[in-house]
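Q: Please take a close look at one part of this model: the pocket and the helix beside the strands that line it. Keep it brisk, and give the cut-offs.

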Amino acid sequence: MEGKILLGSRTLPQATKISMKVSKVISVKGEYAKVGVDVKDGDSIRILDAGQTTEGEYGERKTFRIETSNGEKNMSFNQTSLNNLIDAYGDETEEWIGKNAQVFVVKQMVSGTLRNVAYLAAQGWEMGDDGRFFKVVNE
(Lines give C-alpha, C1' and ligand atoms only; values in the text may rest on other atoms or scores of the structure.)
Protein backbone atom coordinates (compact mmCIF):
# COMPACT_ATOMS: atom_id res chain seq x y z
CA MET A 1 0.00 0.00 0.00
CA GLU A 2 1.99 2.87 -1.28
CA GLY A 3 1.37 6.22 0.38
CA LYS A 4 -0.57 4.63 3.27
CA ILE A 5 0.32 3.55 6.79
CA LEU A 6 -1.30 0.42 8.16
CA LEU A 7 -2.47 0.89 11.75
CA GLY A 8 -4.12 -2.28 13.02
CA SER A 9 -7.02 -2.84 10.65
CA ARG A 10 -7.12 0.84 9.62
CA THR A 11 -5.03 2.55 7.02
CA LEU A 12 -4.01 6.16 7.40
CA PRO A 13 -2.64 8.46 4.74
CA GLN A 14 1.12 8.71 4.98
CA ALA A 15 2.37 12.03 6.29
CA THR A 16 3.68 14.30 3.61
CA LYS A 17 7.22 15.43 4.13
CA ILE A 18 7.43 19.15 4.57
CA SER A 19 10.40 21.38 4.84
CA MET A 20 10.57 24.54 6.86
CA LYS A 21 13.26 27.05 7.62
CA VAL A 22 13.94 27.66 11.28
CA SER A 23 16.03 30.43 12.76
CA LYS A 24 18.56 30.13 15.48
CA VAL A 25 17.68 32.14 18.59
CA ILE A 26 20.61 34.30 19.59
CA SER A 27 20.92 35.48 23.14
CA VAL A 28 23.27 38.20 24.26
CA LYS A 29 25.55 37.56 27.19
CA GLY A 30 26.01 40.24 29.78
CA GLU A 31 23.96 42.65 31.79
CA TYR A 32 21.40 44.97 30.21
CA ALA A 33 21.49 48.70 30.96
CA LYS A 34 18.72 49.84 33.29
CA VAL A 35 17.00 53.15 32.56
CA GLY A 36 17.40 55.45 35.54
CA VAL A 37 20.38 53.49 36.88
CA ASP A 38 22.88 52.89 34.05
CA VAL A 39 21.44 55.36 31.55
CA LYS A 40 19.82 58.61 32.64
CA ASP A 41 18.35 61.60 30.86
CA GLY A 42 21.18 63.71 29.44
CA ASP A 43 23.82 60.96 29.68
CA SER A 44 26.20 60.25 26.85
CA ILE A 45 26.84 56.62 25.94
CA ARG A 46 29.36 55.14 23.50
CA ILE A 47 28.40 52.40 21.05
CA LEU A 48 30.94 49.56 21.28
CA ASP A 49 29.78 47.07 18.63
CA ALA A 50 27.70 46.75 15.46
CA GLY A 51 24.87 45.08 17.37
CA GLN A 52 22.95 41.91 16.77
CA THR A 53 19.35 40.93 16.28
CA THR A 54 17.93 38.95 19.18
CA GLU A 55 14.51 37.54 19.92
CA GLY A 56 12.72 39.45 22.66
CA GLU A 57 9.42 39.20 24.45
CA TYR A 58 7.68 41.28 21.75
CA GLY A 59 9.64 40.19 18.68
CA GLU A 60 13.05 40.99 17.27
CA ARG A 61 15.30 43.39 19.15
CA LYS A 62 18.42 45.19 17.95
CA THR A 63 20.85 44.86 20.84
CA PHE A 64 24.14 46.73 21.10
CA ARG A 65 27.02 46.74 23.56
CA ILE A 66 27.39 50.24 25.04
CA GLU A 67 29.64 52.01 27.50
CA THR A 68 27.81 53.76 30.34
CA SER A 69 29.02 55.58 33.44
CA ASN A 70 28.52 52.19 35.19
CA GLY A 71 30.64 50.23 32.72
CA GLU A 72 29.82 48.14 29.65
CA LYS A 73 26.22 46.97 29.27
CA ASN A 74 23.86 45.67 26.61
CA MET A 75 21.03 47.87 25.39
CA SER A 76 18.20 47.18 22.99
CA PHE A 77 17.70 50.21 20.76
CA ASN A 78 14.06 51.02 20.01
CA GLN A 79 13.04 51.92 16.47
CA THR A 80 13.00 55.67 17.13
CA SER A 81 16.58 55.48 18.42
CA LEU A 82 17.62 53.40 15.40
CA ASN A 83 16.04 55.95 13.05
CA ASN A 84 17.83 58.82 14.82
CA LEU A 85 21.19 57.05 14.62
CA ILE A 86 20.64 56.16 10.96
CA ASP A 87 19.96 59.85 10.21
CA ALA A 88 23.18 60.84 11.98
CA TYR A 89 25.60 57.98 11.24
CA GLY A 90 24.16 56.09 8.25
CA ASP A 91 22.45 52.71 7.96
CA GLU A 92 25.57 50.54 8.38
CA THR A 93 25.95 49.83 12.09
CA GLU A 94 29.65 48.99 11.68
CA GLU A 95 30.05 52.75 11.18
CA TRP A 96 28.43 53.40 14.58
CA ILE A 97 31.20 51.69 16.56
CA GLY A 98 32.95 54.24 18.77
CA LYS A 99 30.27 56.90 18.19
CA ASN A 100 28.57 58.67 21.07
CA ALA A 101 24.85 59.07 21.54
CA GLN A 102 22.87 61.22 23.93
CA VAL A 103 20.18 59.66 26.13
CA PHE A 104 16.71 61.20 26.35
CA VAL A 105 14.46 59.58 28.97
CA VAL A 106 10.71 60.02 28.58
CA LYS A 107 7.95 58.67 30.83
CA GLN A 108 5.29 57.00 28.70
CA MET A 109 2.71 54.23 28.66
CA VAL A 110 4.09 50.86 27.58
CA SER A 111 1.70 47.89 27.59
CA GLY A 112 -0.59 49.65 30.06
CA THR A 113 2.20 50.62 32.47
CA LEU A 114 3.84 54.03 32.87
CA ARG A 115 7.57 53.48 32.31
CA ASN A 116 10.74 55.43 31.66
CA VAL A 117 11.81 54.88 28.05
CA ALA A 118 15.28 55.78 26.78
CA TYR A 119 15.68 57.26 23.32
CA LEU A 120 19.06 57.82 21.70
CA ALA A 121 20.21 60.50 19.29
CA ALA A 122 23.59 61.66 18.08
CA GLN A 123 25.41 64.40 19.95
CA GLY A 124 24.09 67.77 18.81
CA TRP A 125 20.53 66.52 18.34
CA GLU A 126 17.60 67.60 20.49
CA MET A 127 14.10 66.35 21.18
CA GLY A 128 11.34 68.88 20.57
CA ASP A 129 8.21 69.35 22.69
CA ASP A 130 6.35 67.16 20.20
CA GLY A 131 8.77 64.24 20.80
CA ARG A 132 10.47 64.55 17.41
CA PHE A 133 14.23 64.75 17.12
CA PHE A 134 16.13 67.34 15.14
CA LYS A 135 19.74 68.31 14.54
CA VAL A 136 20.79 71.57 16.14
CA VAL A 137 22.45 73.82 13.57
CA ASN A 138 24.79 76.47 14.94
CA GLU A 139 25.13 79.47 12.68
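A: Start with the terms. On a 1 Å grid over the protein atoms alone, a pocket is an open set of points with protein on both sides within 12 Å along at least five of seven lines; a cavity is a set where a 1.4 Å probe fits but cannot get out. Lining residues have an atom within 4 Å of a point. Grid points join across faces, edges and corners, and a volume is the space filled by probe spheres set on the points.

The model is predicted; local features need pLDDT of at least 70, side-chain atom pairs count only at pLDDT 80 or more, and totals for chains, interfaces and linings use all residues. Residues are numbered from 1 along each chain as its sequence is written, and side-chain values use heavy atoms, with hydrogens and water left out.

The largest pocket holds about 910 Å³ of space. Its lining has 27 residues, and Arg61, Ser76, Asn78, Arg115 and Val117 are the closest to its centre. By class, 12 lining residues are nonpolar, 9 polar and 6 charged. Here Ala, Val, Leu, Ile, Met, Phe, Trp, Tyr, Cys and Pro count as nonpolar, Asp, Glu, Lys and Arg as charged, and the others, Gly among them, as polar.

S8 gives the most, with 5 residues. These elements are DSSP runs numbered from the N terminus: helices are H or I of at least four residues, strands E of at least two.

Now the helix. Ser81, Leu82, Asn84 and Leu85 of H1 are buried (under 20% relative accessible area; exposed is over 50%, partly exposed in between; 1.4 Å probe, protein chains only). Down the axis of H1, these buried residues fall within an arc of 160 degrees, so they line one face. The arc is that of the directions from the helix axis to the C-beta atoms. The face turned away from the buried side carries exposed Gln79 and Asp87. The buried residues of H1 pack against S3, S5, S6, S7, S8 and strand S10 (133–135), where contact means heavy atoms within 4.5 Å. Just after H1, Gly90 takes a positive phi of about 95 degrees.

As for confidence, pLDDT is the predictor's confidence in each residue, from 0 to 100. The protein's mean is 87, and 80% of its residues reach 70 or more. Confidence is lowest in S1 (residues 4–7), at a mean of 60, and highest in S3 (residues 44–47), at 98.
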